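Reader: Please show me the model. I would like to go through its contacts.

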Amino acid sequence: MAKPPRKPKLAVWKFASCDGCQLSLLDCEDELLAVAGAVEIAYFPEATRAVLKGPYDISLVEGSVTTQHDAERLLEVRRQSRRLITIGACATAAGIQGLRNFKDVREFTSVVYAHPEFIETLETSTPISTHVEVDYELRGCPIDKHQLLEVLTAFLNGRRPNIPAHSVCVECKARGTVCVLVRGAAACLGPVTHAGCGAICPAYNRGCYGCFGPKETPNAVSLAPRLVDAGMDKTGLGRVYRTFNPVADAFKKESERHGT
Amino acid sequence: MSYHPSMIGLDGLAALIEALSVDGFRVLGPTVRDDAIVYDDIAGVDDLPAGWTDEQDGGRYRLKRRDDSALFGYAVGPHAWKRFLHPPLLRLWRAEPDSAGMKLTAAPEPEERFAFLGVRSCELHAIAIQDKVFLQGPYVDPHYKARREGAFLVAVNCGTAGGTCFCASMNTGPRATAGFDLTLTEFTGEFLVEPGSDAGAALLARLPQRAATEADIERARAVSERTAASMGRHMQADGVHDLLLDNLEHKRWDDVAARCLSCGNCTQVCPTCFCTAVSDVNDLSGATERTRRWDSCFSVDFSYIHGGSVRPSPRSRYRQWMTHKLASWVDQFGTSGCVGCGRCITWCPVGIDITEEVRAIRGG
């Protein structure tokens, strides 16, 4: 009797992050059994202590690089992975911890920790793609579980993921949400932000926070006066683009244009 | 054939909504939600935006109180009827593996029939344009057809022009002239009702009413004339086809590209924009689903062909949208693609104004 084909091995790696994106995989609930059926979960400490040796067919990488130890560990992860997919804003654009890039991290540690001398950390938080070649970057803080399933399915089938790079506005319009910016309810980053969340915040009367990072061909400079009209001041303009994706090129440039 | 107009009161309007509902229609109309007048399910007169109006300008919409209790005293809002006739997301079919290979199941079309209450003249023109696109070419779109056929349209002649309205420039309003079953013109607490189809006349016959007088009809005409004279925007539409196509390298395209967010809002709110993306996506169970969703000529992938996008720059995408809307649409479908509703101006987050862009190019 022929042996059944070997299932692809999946590994999930954590770097500097909150674990929320990995949790999205466990959050799949109804689809989790289908995932477990389609792949062999070879390394996923958040879900199981069982560890299978590499190499791995697909590695999902969460988090940014903030220590020398992680920078070295990442090289090994890449060596062991046929396909490497980053999941979430930290892995893709340095995450909230990327705020250190604009300040002196030693000053932070001296204020936060009783014994800062025990903290070994890099000056900057950097995306995975700064260190190794990445096959796909999935956006979001956190990622959307349906998009994660779509990317996994696409890679398992050798096809391109169906993940549009257009604005959040397109998702607002599809669900019938009335534009919060135009009706004066909130300052909103939707017109410059990558879709994928399903436009959750505007549906609850909040402006988009830009969790998914810049959309394709973003024009943050043109949007700025409208954010001011909606009540955002210069400090706010400098900060709003640094919340989740501080080193994403278009967001970084726009935040630096407003100082601080 | 000609029909006789009548006058109805608020009880007649309530009876109209009731009759449509009894006849099995899903009645949709204007209602207040999220600080705006949107189109949604209407159970009765109480759901209509009594005493509300709107202030509209480039990138700006505000709901305001009127000093009367008019039910239709505002211009068009963020929604267009296309979201019901040409939904933003459609599942087309699903294929599942079975013992014989693949089992293909088409998504069922809805059985409900729509009744739209409060369709403005610009919107009737927009529906007529989408009818042409989806129903009158060599390839009929079965999904649009299923939703459009049997729909009952109650138009309203606008008594208020919005700040971004320019239907008078486009010869698409403000008075409804064709494509409706009934048209209402609102006076205080009363409506002149003019049937436009046998179905409309038959429904009108069931409502409490009185015969309209010459004075009533004259009063309704005066409402439309007043509205036509108070348009918030104007577009000089004659010769715009050649004007745009003769100016494809005009410096204004660079100027507008610097402001354009390429967010796609204008295309999503436009009542005539019809473009979609069709995707086949498989899941881990081995099933495949084909879906169709609204797309936009402002997204890079929209013009993706082997090797890359045909229109990678926002400049080329804005130019594509505007020249298609106002010029090549005429070559393609025999009418302009713009009905002057002003939605693209109001709902553009940075207030890019298509009438202003035309004026700038005309200016040399």
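Author: Chain B and chain A bury about 2900 Å² between them, with 53% of it on carbon and sulfur atoms. Buried area is the accessible area (1.4 Å probe) that two parts lose on being put together, summed over both. This is a predicted model; local features need pLDDT of at least 70, side-chain atom pairs count only at pLDDT 80 or more, and totals for chains, interfaces and linings use all residues. Residues are numbered from 1 along each chain as its sequence is written, chains are lettered from A and ligands numbered from 1 in the order in which they are written, and side-chain values use heavy atoms, leaving out hydrogens and water.

Reader: Which residue of chain A meets B:Asp35 in a salt bridge?

Author: The rule finds two salt bridges across this interface. It asks for a side-chain nitrogen of Lys or Arg within 4 Å of a carboxyl oxygen of Asp or Glu. Here the N to O distance is 3.1 Å, and the partner of B:Asp35 is A:Arg183.

Reader: Within chain B, how many salt bridges cross the interface of domain 1 and domain 2?

Author: Domain 1 spans 6–228 and domain 2 spans 240–362, with bounds from an automatic or database domain assignment. One salt bridge joins the side chains of B:Asp141 and B:Arg292 at 2.6 Å, N to O. Across the interface of these two domains of chain B, the rule finds five.
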